[in-house]
Amino acid sequence: MVEESGNEEVLVDDNVSAEDWLSHAQELIPVAMAKAREVKGFPGRWKMIISKLEQVPSRLSDLSSHPCFSKNTLCKEQLQAVSRTLKDIIECAELCILEKYEGKLRMQSDLDALSGKLDLNLRDCGLLIKTGVLGEATLPLSVACSSTDTDVAAYGNIRELFARLQIGHLEAKHRALDCLVEVMKEDEKNVLTVLGRSNICALVQLLTATSPRIREKTVTVICSLAESGGCENWLVSEGVLPALIRLVESGSSVGKEKATISLQRLSMLAETAREIVGHGGVRPLIEICRTGDSVSQAAAACTLKNISAVPEVRQALADEGIVRVMINLLDCGILLGSKEYAAECLQNLTASNENLRRSVVSEGGIRSLLAYLDGPLPQESAVGALRNLVGSVSIDVLVSLGFLPRLVHVLRSGSLGAQQAAASAICRVCSSASAETKKMVGEAGCIPLLVKMLEAKSNSAREVAAQAISSLVTLSQNRREVKKDDKSVPNLVQLLEPSLQNTAKKYAVFCLGSLSSSKKCKKLMISYGAIGYLKKLSEMEIPGAKKLLERLERGRLRSLFMRK
């Protein structure tokens, strides 16, 4: 828990030098020590205060021996804080000596507060040296916060702001955080340059401050740092995840939003995703998906999508009810991004776990995924999720829900990735399907679109399109449909190219073999150079290549004899 020393602000008198403040503090130390030793009551508490007072001279000596001591405003402010604490100790000791205090409990509380102030003073003096900020001249906080970019660079203001997050009273930390938020907007690059592990640690500690305003401002800075992509490992190693998860659970609306966005970025690493699950982050993220505003909901959905990419935690996600929540997001998500993340999450969940596939089916996920595909730009993730579910539900059910027209819509209007997923789904549907099912796929209008897909620049897209066609041409009606398309044979012949990079060639051989009973198709194959390709493929022992080559060569010889 971050210690807070109250809301009072120590005012800096610019007319008094750091040396004068040092002398003042050094004069107060022996007085405070003498008064403290004179007190007879509360011996345990005063003994503790005396032991801490004995450490003050060495800390002040460390400060004053630094070359930049007289130029550094933080030194002056720290000496003021020490002087104020010493003065309070003297006053409190005098009250105890004269026994003029308002009750023992009240005085015990005051002494505990004084002991806490001394702790803070000693800690802050040490941190001031440790942070390295003493090596630079600094401005007073009120001036630093209003400095121009040039001033910031000249006075090392960023380093000073990080130092102020670790030392001083609460109000000063508020103002330092305000300044840091503004600097992050204007000069993120320099902030990241100055950033060190100790500064990350200080920020993470402030996430657990008792002040909601401090927590909110701190998570705003951490969100910017996480989104910058330069310090994820430091944030995680310094324990940011439990603090962020608590903010997602019980922070203000701004705190929840910034914490969720931070987790979204950090969860991109698989190990961090596992840690989020281990720290109990799934349930509050799911709750944000149910009840959060648009931005928080999208960020939570994306975080859960990132986590679902890790196979070993998928069952843990399911145990928290993620399947129902993601289906609800598909149906009612506020932003399109939320729906896209939900579809990606369902795709991940159904990738390899049959129990999760059955859960998605039983929760009505197929209907929601199909409805999501009706948009003008059908997304790959939803098609991929449906492809994963093909073996978990009967073909009749898929057909009755309108699966085939959606696949045609994706092949016609989707991105290349979505088209690939649709072609892959057709392969799965046809892998063990009846002739009637293959007939329905052909009649739905898939074949011309798959033939066009053979022209794609992506090798993987051409391969899956050729594979889908090869699964359909085993039916005579579908073969006729392929033959009708003037581009089918030329496109398939191009896929006979024998390079290792061309993984579609075995499917192209099968398709052309199925079409080779047609004289017209054989002539087209020969005219587009199929024989030359097939000779090389025969040498490579590609299945069906030798048989198709022989058939084409016989046809070519026969046509030569007929012309003679």
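At what angle do the axes of helix H19 and helix H20 cross, and within what distance do they come? The axes of H19 (residues 322-332) and H20 (residues 336-349) cross at roughly 145° and come within 8 Å. This is a predicted model, in which local features need pLDDT of at least 70, side-chain atom pairs count only at pLDDT 80 or more, and totals for chains, interfaces and linings use all residues. Residues are numbered from 1 along each chain as its sequence is written, and side-chain values use heavy atoms, with hydrogens and water left out.

**Helix H19 with helix H20**

- Helices here are DSSP runs (H or I, at least four residues) numbered from the N terminus; axes are lines fitted to C-alpha atoms over the stretch in contact, with angles from 0 to 180 degrees between N-to-C directions.
- The H19–H20 crossing is left-handed, a term for a near helix turned anticlockwise from the far one by less than a right angle.
- In contact (heavy atoms within 4.5 Å), H19 residues including Ile-322, Met-326 and Leu-330 meet H20 residues including Ala-342, Cys-345 and Leu-349.
- This contact comprises 11 nonpolar, 1 polar and 2 charged residues, where Ala, Val, Leu, Ile, Met, Phe, Trp, Tyr, Cys and Pro count as nonpolar, Asp, Glu, Lys and Arg as charged, and the others, Gly among them, as polar.

**Helix H20 with helix H23**

- H20 also packs against H23 (residues 380-389), at an angle of about 30° and with the axes 8 Å apart.
- The two helices are therefore roughly parallel (angles under 35 degrees), and their crossing is left-handed.
- Among the residues in contact are Glu-340, Glu-344 and Gln-347 of H20 and Ser-381, Ala-385 and Arg-387 of H23.
- By class, the H20–H23 contact has 4 nonpolar, 4 polar and 3 charged residues.

**Helix H3 with helix H4**

- The axes of H3 (residues 56-64) and H4 (residues 73-98) come within 11 Å and cross at roughly 165°.
- H3 and H4 are therefore roughly antiparallel (angles over 145 degrees), with a left-handed crossing.
- Val-56, Leu-60 and Leu-63 of H3 make the contact with Cys-75, Gln-78, Leu-79 and Val-82 of H4.
- The H3–H4 contact holds 6 nonpolar, 1 polar and no charged residues.

**Cysteines**

- The structure holds 0 disulfides (pairs of cysteine sulfur atoms within 2.5 Å).
- The sulfur of Cys-302 lies 10 Å from the closest cysteine sulfur, in Cys-345, which is too far for a bond.
- Cys-302 counts as buried at 7% relative accessibility (buried means under 20% relative accessible area, with a 1.4 Å probe and protein chains only).
- Cys-427 is in no disulfide, and the nearest cysteine sulfur, that of Cys-430, is 7.5 Å away.
- Cys-427 also counts as buried, at 10% relative accessibility.

Key: Parallel < 35°, antiparallel > 145°, perpendicular 65-115°, else oblique. Buried < 20%, exposed > 50% of the residue type's maximum accessible area, 1.4 Å probe, protein only.
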